[in-house]
There are 2 protein chains.
Amino acid sequence: MSLQPVKIGLLGLGTVGGGTINVLRRNAGEIARRAGRGIVVVSAAARDPGKARSLALDGIRVAGDANAIVADPEVEIVCELIGGIEPARTLVLAAIARGKHVVTANKALIALHGNEIFAAASRKGVMVAFEAAVAGGIPIIKAIREGLSGNRIQTVAGIINGTCNYILTEMRQLGGDFQDVLAEAQRLGYAEADPTTDIDGIDAAHKLTILASIAFGIPLQFDKVYTEGIGRVGVMDIAYAEELGYRIKSLGIARHGGDGIELRVHPTLIPKRHPIAGVEGVMNAVLVVGDAVGPTMFYGRGAGAEPTASAVVSDLVDVVRAMTSDPENRVPHLAFQPDAISNIIVKPMEEVRTAYYLRLSAVDKPGVLANVTAILGSLDISIEAIIQKEPDKNANVVPVIFLTQRVVEKNMNEAISRIEALDSVRGNVFRMRVETLE
Amino acid sequence: MSLQPVKIGLLGLGTVGGGTINVLRRNAGEIARRAGRGIVVVSAAARDPGKARSLALDGIRVAGDANAIVADPEVEIVCELIGGIEPARTLVLAAIARGKHVVTANKALIALHGNEIFAAASRKGVMVAFEAAVAGGIPIIKAIREGLSGNRIQTVAGIINGTCNYILTEMRQLGGDFQDVLAEAQRLGYAEADPTTDIDGIDAAHKLTILASIAFGIPLQFDKVYTEGIGRVGVMDIAYAEELGYRIKSLGIARHGGDGIELRVHPTLIPKRHPIAGVEGVMNAVLVVGDAVGPTMFYGRGAGAEPTASAVVSDLVDVVRAMTSDPENRVPHLAFQPDAISNIIVKPMEEVRTAYYLRLSAVDKPGVLANVTAILGSLDISIEAIIQKEPDKNANVVPVIFLTQRVVEKNMNEAISRIEALDSVRGNVFRMRVETLE
């Protein structure tokens with residue numbers, strides 16, 4: 001421990017920035033015992049330096065201009081905790097150009113611009129570490145990229161958005177409507193004032209893009225992820241799913257099917273007995289299935305100041321250790337050697353095969369079940385279960401639930417449009433996908 | 001990928017050895033895409049080379065003498081998959097002395113002789129990797145040592161013996177007695193012909209020794225682990241625990257209490273709603289609580305040819321990557337720098353505080369509850385719950401269950417000996433510890 005501490009420049013003094021400073025200080029002794037040298041933040045940039053004064057920043061130079069941190073010759077590692085695309089992208093590329101290593105928690109940046117950033121980093125022989133970009137404190141990037149490197153990864157399926165999981169958990173446990181639970185989540189700070197990125201599945205799609213790339217050795221391709229939010233899931237759907245032995249979770253699913261990759265984020269029915277079904281509230285978990293290891297699962301807090309800082313600091317320790325190593329022999333940014341990235345296709349959603357949950361509003365007259373089952377049968381869709389509730393005395397429609405076996409999505413699309421055209425069916429069919437995760 | 005493949009010498013062609021050869025071959029392309037070069041087994045030693053011929057060993061020289069593999073100048077990494085202490089210890093030290101890196105799945109060897117082996121490896125600047133020694137395919141060594149390196153680890157608690165978990169799961173689900181379920185487990189290959197190491201908690205204590213060392217930066221000290229097997233857990237205990245809202249699991253628990261470390265393996269009541277309570281059958285899971293990350297859990301198969309091979313191969317990839325790096329900057333074998341290992345004491349079991357489950361056989365006469373509660377009260381032991389069943393018409397004793405709040409073990413020992421001395425109590429008190437794992 002005779003070496004000088006490594007000097008960090010920190011961009012962004014928000015929740016994660018503050019958490020990172022706290023963890024680095026509180027655990028300075030423990031971190032140095034592991035890394036063999038200290039890791040200290042020497043300078044930090046905040047949009048509003050005055051506001052940042054509430055943090056214990058003694059010994060840290062605070063600047064309003066992030067470019068000054070990136071240009072500071074004393075800074076060896078730039079820690080980007082601003083979030084969003086710009087100015088984060090420009091700052092990260094500038095740090096790389098100056099030969100500095102980068103640690104980032106920025107999932108949108110990596111998902112959308114990672115290919116460009118990692119290529120620039122490889123040219124300069126520097127590292128860009130991003131454990132904190134996926135599932136907060138869970139070391140899932142390291143687990144897939146290094147801990148399971150002997151496997152052909154078959155499936156990655158994760159609860160990777162705490163806001164969605166909190167909302168679905170509360171809807172099930174308290175029976176509240178989506179809008180009411182969302183408002184409560186916003187009040188508690190579990191959902192943003194503008195919750196679109198979370199509830200529409202975009203945040204999960206960013207993370208899934210990254211997980212799929214390191215699992216399968218494919219480029220980052222966010223634009224290929226099929227994304228569906230949780231806004232249409234009703235309290236009654238949660239109850240019907242329970243009755244059928246399933247729980248509804250918003251999952252990010254990446255599967256290697258041999259002939260192509262599936263990349264999709266959507267509300268999903270999973271068997272209640274599966275370990276991932278028990279992951280509640282804001283907790284995250286990622287199931288990874290490898291051909292040798294079988295099923296594995298990684299569970300923990302997916303957000304928050306200190307869980308995210310845990311990942312940022314472990315990345316800092318990794319970078320400090322590997323700074324003196326030959327760049328050629330470091331763990332590749334996306335797990336696979338840059339010249340070994342596969343161009344296997346991502347399947348369009350209509351080519352994906354899953355089982356389905358269908359809810360439709362039927363005019364309660366004899367023959368409606370026969371009509372629907374005839375349509376499903378004509379498209380080779382087998383029915384696994386049907387729930388038909390007794391109609392309310394005052395209602396002239398009754399909800400009918402179908403659980404089907406696996407079928408290719410384009411056939412299901414055809415079935416749904418034919419069902420919606422039936423006189424005996426009112427409004428749209430609501431469809432969710434069902435996964436056994438086996 | 002223009003580099004020559006790395007050449008492996010494999011000691012032991014049993015279950016894990018065979019699995020490792022299969023995984024390295026089946027996933028050769030995938031592994032080379034990650035590692036940047038191939039990894040091939042060039043020679044292997046088997047106690048019975050004739051028997052090993054059933055494996056697909058084309059291109060692998062098979063020797064009866066493991067020393068020949070260790071001495072082979074072509075071999076760069078020795079993979080020790082023999083198990084047990086000797087000759088594994090001598091062979092590993094010989095490989096290190098020749099400047100070869102070592103990958104091992106041998107938990108007993110690391111737990112008992114790791115301090116010596118890692119010191120020898122550090123002197124020679126070689127790596128000894130041992131991910132496969134704990135929890136099979138779950139990358140738990142990497143998660144604690146690298147993925148959570150920013151944390152002060154507070155607790156590690158794991159289901160780290162599949163045999164015990166299988167037996168306890170079957171006892172609960174089928175209501176079978178310990179001996180019957182053990183016999184069935186032996187028939188299915190989930191328990192050894194001599195099951196002592198597993199059911200007495202010794203195997204779990206080996207693994208816990210390793211986990212505690214890398215979590216807290218303490219030496220490997222197997223002799224300090226308190227170990228209690230599952231042989232005395234009755235079917236009725238499982239039912240009473242369920243009634244009280246708990247599930248019984250054999251846990252390895254390592255806790256940093258500030259004033260000392262707890263190291264213990266014993267059957268434990270844990271809340272049914274805790275995620276680790278749902279880990280069933282032969283599956284393993286390890287809960288790790290860090291001060292920054294909070295609770296995390298790592299789940300997967302803890303044994304078997306391919307899950308263990310998954311860990312062996314990921315270690316091989318790690319070693320191949322780090323072979324060219326400066327030994328000073330590699331991840332330390334036990335997570336902390338050798339000069340930063342702490343000599344904090346391991347608490348004797350009688351100093352550990354836990355809550356307790358007590359089952360006693362009471363002569364069913366008025367006053368027995370009063371006597372027992374008076375003893376507990378006189379030792380400041382608060383009672384959380386009592387179950388007293390209606391006596392059988394033919395039985396002259398009735399089981400009474402007490403759940404207590406947390407108390408230091410020596411007080412509980414005193415209470416138990418006083419309770420056993422009561423006229424109204426027959427035989428011994430059966431005691432298990434209760435953990436909320438919060």
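# Close-up views of a predicted two-chain model

**View 1. A proline in a loop of chain A.** A:P87 sits in the loop that runs between β4 (77–80) and α5 (88–97) of chain A. The model shown here and in the other views is a predicted one. A:P87 is joined to A:E86 by a cis peptide bond, with omega about 10°. Most peptide bonds are trans.

View 2. B:E86 and B:P87 are linked by a cis peptide bond, and omega is about 10°. B:P87 belongs to the loop between β4 (77–80) and α4 (88–97) of chain B.

**View 3. A loop residue of chain B with a positive phi.** B:A335 has a phi near 75°, which is a positive value in a residue other than glycine. Most residues other than glycine have a negative phi. B:A335 is placed in the loop between α12 (305–322) and β13 (353–363) of chain B.

**View 4. The parallel sheet of chain A.** Six strands of chain A make an open sheet, in the order β3-β2-β1-β4-β5-β6, and their pairing is parallel. The edges are taken by β3 (61–63) and β6 (128–129) of chain A; each has a single partner strand, so one side of each has no neighbour in the sheet. Strands of a sheet pair through backbone hydrogen bonds. Within this sheet, strand β1 (residues 6–11) of chain A pairs with β4(A) in the parallel sense over four bridges. In that pairing A:G9 stands opposite A:V78 in β4(A). Helix α1 (residues 15–26) of chain A packs on the sheet and touches β1, β2 (39–45) and β4 of chain A. The direction of α1 of chain A makes about 155° with that of β2(A).

**View 5. The parallel sheet of chain B.** The open sheet of chain B has six strands, ordered β3-β2-β1-β4-β5-β6, with parallel pairing. At its edges stand β3 (61–63) and β6 (128–129) of chain B; each has a single partner strand, so one side of each is left without a neighbour in the sheet. Strand β2 (residues 39–45) of chain B and β3(B) are paired in the parallel sense over three bridges. B:S43 is the residue opposite B:R61 in β3(B). Helix α1 (residues 15–26) of chain B lies across β1 (6–11), β2 and β4 of chain B, and runs at about 155° to β2(B).

**View 6. Two crossing helices in chain A.** Helix α6 (residues 107–124) of chain A and helix α11 (residues 202–216) of chain A have axes that come within 8 Å and cross at roughly 55°. That angle makes α6(A) oblique to α11(A). The crossing of α6(A) past α11(A) is left-handed. On α6(A) the contact is made by A:K107, A:A108, A:I110 and A:A111, and on α11(A) by A:H206, A:K207, A:T209 and A:I210. The residues of this contact of α6(A) with α11(A) are four nonpolar, two polar and two charged.

**View 7. Two crossing helices in chain B.** The axes of helix α13 (residues 368–378) of chain B and helix α14 (residues 409–420) of chain B come within 9 Å and cross at roughly 155°. The two helices, α13(B) and α14(B), are therefore roughly antiparallel to each other. α13(B) passes α14(B) in a right-handed crossing. B:V372, B:I375 and B:L376 of α13(B) meet B:A415, B:R418 and B:I419 of α14(B) in the contact. Of the residues in the contact of α13(B) with α14(B), five are nonpolar, none is polar and one is charged.

**View 8. Domains of chain A.** Chain A is divided into domain 1 (6–129), domain 2 (141–301) and domain 3 (352–434). The C-alpha centres of domain 1 and domain 2 of chain A are 28 Å apart. Seven residues of domain 1 of chain A are in contact with seven residues of domain 2 of chain A. On the side of domain 1 that touches domain 2, four residues are nonpolar, two polar and one charged.

**View 9. The contact between chains A and B.** In this interface 51 residues of chain A are in contact with 51 residues of chain B. α2 (28–35), α7 (140–147), β12 (294–301) and α13 (305–322) of chain A each supply at least two residues of the side of chain A that touches chain B. α13(A) gives the most to that side, with nine residues. The residues of the side of chain A that touches chain B divide into 21 nonpolar, 19 polar and 11 charged. β12(A) also pairs with strand β12 (residues 294–301) of chain B, in the antiparallel sense over three bridges. There A:Y299 stands opposite B:M297 in β12(B).

Conventions: Residues are numbered from 1 along each chain as its sequence is written. Chains are lettered from A and ligands numbered from 1 in the order in which they are written. This is a predicted model: local features need pLDDT of at least 70, side-chain atom pairs count only at pLDDT 80 or more; totals for chains, interfaces and linings use all residues. Axes are lines fitted to C-alpha atoms, for helices over the stretch in contact, and angles run from 0 to 180 degrees between N-to-C directions. Angles under 35 degrees count as roughly parallel, over 145 as roughly antiparallel, 65 to 115 as roughly perpendicular and the rest as oblique. A crossing is left-handed if the near helix is turned anticlockwise from the far one by less than a right angle, and right-handed if clockwise. Two residues are in contact if their C-beta atoms, placed from the backbone, lie within 7 Å. Ala, Val, Leu, Ile, Met, Phe, Trp, Tyr, Cys and Pro count as nonpolar, Asp, Glu, Lys and Arg as charged, and the others, Gly among them, as polar. Two strands pair if DSSP finds at least two bridges between them. Domain bounds come from an automatic or database domain assignment.
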